[in-house]
Amino acid sequence: AESNSWKVVNWEDPISTEDESMFDCEWESFVSSSGKQAAICATQISKCADGKYFSDVWYQREGGNAPYYLEIGAQHGACLLEMLLETDAMILAFEPHPKNVYSIRKTISALPKALQNRVTLFPIGLADEAMKDTFSYNTKSSLRETSQLSIYAERLDSILDTDMIPPKTLKLVNLDVQGFECKILEGMGDKMADKIVSMQLKWEDNGQICDDNKDYLFKLRNKFGFDMWGKNENSGYIYLAQGEKPALNGVDIFASRNE
């Protein structure tokens, strides 16, 4: 569901003159985990660190017809592009920052139509309630010129119609939101969580954002029915028993249905 404040990106719509004057990105060659290439317009190193892992997980998990990859916090689109090139996923991506949305629009709009049709980009963030934040941004032409930009966020279950999504259709969810995981899981709702097969997220033991991050691990296991593994120092994954949390802060957690 769209709102009066934002709309799903249409790849055929031209980027506005205002956005072109405000934002910038550099074209470079993106190489996927198996060596496939595409051009990406980015402002940082265009590599998906977990790319091979994501594509491996994609083909190891069972999913329904036309399964989806859901990316929450798409940033400049490297992992989105990895999954687009390496899998058959239909992609749902959420990214609130206008500069990152600009980069993704430039990249996807330059791809063949068949690839564009597999990506739906929501230019908003996700949270446990609808919200809006406004901030000052320096334009690309001058560090002295600033513009007021707005970022919107809504609950996931207010955007996607849970009744229209078959069980196990969200085959893989990549959640990279710098400590706001608990807020997004809360805004996901029980019905939406039931559609998820597996999920990758960060363990951020940050009480400033979430009163107790352990609560969202409890929610994943006991309410949503996931088993969980935390990445260890050797980059492998170890099973997290009931009540356990990763030994290291900022590491990845992999959650998968235990049914």
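Start by selecting G35, in the hairpin of strand 1 and strand 2: this glycine takes a positive phi near 100°, and the hairpin has 5 residues between its strands. Keep in mind as you click around that this is a predicted model.

Now widen the selection to the strands themselves. Strand 1 covers residues 26-31 and strand 2 covers residues 37-42. They pair in the antiparallel sense, over 6 bridges. Which residue in strand 2 does V31 stand opposite? Show both side chains and you'll find Q37 there. While you're here, a handy rule: in a regular strand, side chains alternate between the two faces of the sheet.

Next, pick residues 98-109, which make up helix 4. From its first C-alpha to its last, this 12-residue helix reaches 16 Å, close to the 16 Å expected at 1.5 Å a residue.

Time to go inside. Select M199 and L220, the residues that touch the most other members of the largest nonpolar core, a set of 37 residues. Helix 7 (residues 181-193) gives the most to this core, with 6 residues. Zoom in on L220 and show what surrounds it: leaving out residues up to four places away in sequence, L220 touches L185, M199, L201, G225, F226 and M228.

Note on methods:
Residues numbered from 1 in each chain as written. Predicted model: local features only at pLDDT ≥ 70, side-chain atom pairs only at ≥ 80, totals over all residues. Heavy atoms only, no water. Core = buried A, V, L, I, M, F, W, Y, C linked by side-chain atoms within 4.5 Å. Buried < 20%, exposed > 50% of the residue type's maximum accessible area, 1.4 Å probe, protein only. Helix = DSSP H or I, 4+ residues; strand = E, 2+ residues; numbered from the N terminus. Contact = heavy atoms within 4.5 Å. Expected span 1.5 Å × (residues − 1). Pairing = 2+ DSSP bridges.
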